[in-house]
Amino acid sequence: MGNKNSCCSYSSPPPVRKNNTKEVPGFFEEHLPEGEISNNNLQHISEREAADEGETDPSVDPSAGTMFLERSKQNLENGITRKKSMHQIAPQNQNSVPNSGTGGALKKSSSCSTIYLDDSTVSQPNLKNTVKCVSLAIYYHIKNRQNERRLDIFDEKLHPLTCDNVPDDYDKHNPEHRQIYKFVRTLFNAAQLTAECAIITLVYLERLLTYAELDIAPCNWKRIVLGAILLASKVWDDQAVWNVDYCQILKDITVEDMNELERQFLEMLQFNINVPSSVYAKYYFDLRTLAEANDLSFPTEPLSKERAQKLEAMSRVMQDKFTAEALKNGMKKWSSMDNVQQACPRRSVAILS
């Protein structure tokens, strides 16, 4: 992966873990003289031992709860305050009359001429709001972190992303949600990444925290997020952005640093970059739950003629399918009320009330 300067074309010293952390065996291969074989090679995915009971990995197991959703429930009363979106404006005072044009509650509603719908689906998420939700998940990861376990490869003091001097208290203050969103949005806009890539980024981030026993903190969140985006873009997109292209976005970072970041990120994931569809769907719906809990509503869009035709075609296919199934079972789709006798039992597929 990467540009012509492959991330595996040169050796580098193993990273050093900081603070009260324990080294995870098997993550970093020793660089031995030619002809010697190391016994610390990573196991194949099929040879790895299953996780102990109670230690399920949410980035692999679709039945395990996501880490960001659990951490967002801590100190929920101190959640972030958001501005109301344009499609739902709260009343400015209790005495205002709704829809009176004097600051009352305004809400886009469907009518005979215009139908509004939430066009964000699990297969085609809304890009802007998905990036906002992922940034919000990262915000809660940092805010409600359990410890201060770090690795030097992600430390912004040791590997700065800009040529500006890193302040001495760079690891003391948690970033705001807007700051995280601005950083992620800049990368996604410049690299033209998709909303699905944002969800994969969050999956890799939580897998890294689980496998490497790390904590995302003010001192390392930018480089961890950058590594996750870099890997997710290459796994998801057929025509991925090269490492040298990210150096055009982040002017002061070198290709060698990007290659090393990618290499060590892969090693910490134990080269497990597979994301099952069930895990992807779980993260998508948990992000929707997180958005609802933080008043981050997905925008409603007017139903266009082209979109309506696609929905109509899909509904006709399903209607024909259910009709054929009913006829196969000897049930009529409809019958005239004139032929209904009082003595005969009446059957109905559904009762509308």
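User: Which residues in H5 meet which residues in H7?

Analyst: Contact here means heavy atoms within 4.5 Å, and helices (H or I, at least four residues) and strands (E, at least two) are DSSP runs numbered from the N terminus. In this predicted model, Arg223, Ile224, Leu226, Gly227, Ala228, Leu230, Leu231 and Lys234 of H5 meet Asp257, Met258, Leu261, Glu262, Phe265 and Leu266 of H7. By class, that contact has nine nonpolar, one polar and four charged residues, where Ala, Val, Leu, Ile, Met, Phe, Trp, Tyr, Cys and Pro count as nonpolar, Asp, Glu, Lys and Arg as charged, and the others, Gly among them, as polar.

The model is a predicted one, in which local features need pLDDT of at least 70 and side-chain atom pairs count only at pLDDT 80 or more, whereas totals for chains, interfaces and linings use all residues. Residues are numbered from 1 along each chain as its sequence is written, and side-chain values use heavy atoms, with hydrogens and water left out.

User: At what angle do the axes of H5 and H7 cross?

Analyst: Axes are lines fitted to C-alpha atoms, for helices over the stretch in contact, and angles run from 0 to 180 degrees between N-to-C directions. The axes of H5 (residues 221-236) and H7 (residues 255-268) cross at roughly 80 degrees and come within 10 Å. H5 is therefore roughly perpendicular to H7, given that angles under 35 degrees count as roughly parallel, over 145 as roughly antiparallel, 65 to 115 as roughly perpendicular and the rest as oblique.

User: Is Arg71 buried or exposed, and which residues is Arg71 in contact with, leaving aside its neighbours within four places in sequence?

Analyst: Buried means under 20% relative accessible area, exposed over 50%, and partly exposed in between (1.4 Å probe, protein chains only). Arg71, which lies in helix H1 (residues 67-72), counts as buried at 10% relative accessibility. Beyond those sequence neighbours, Arg71 is in contact with Tyr140, His141, Asn144, Arg145, Gln146 and Asp215. The C-alpha atoms of Arg71 and Asn144 are separated by 6.0 Å, although the two residues are 73 residues apart along the chain.

User: With which side chain does the side chain of Arg71 make a polar contact?

Analyst: A polar contact is a pair of N or O atoms within 3.5 Å; within protein, one must be able to donate a hydrogen and the other to accept it, and residues adjacent in sequence count only if both atoms are side-chain atoms. The partner of the Arg71 side chain is the side chain of His141, at 3.2 Å. Arg150, placed in strand E5 (residues 150-151), is likewise buried, with a relative accessible area of 8%, and a polar contact of 3.4 Å joins its side chain to that of Asp171.
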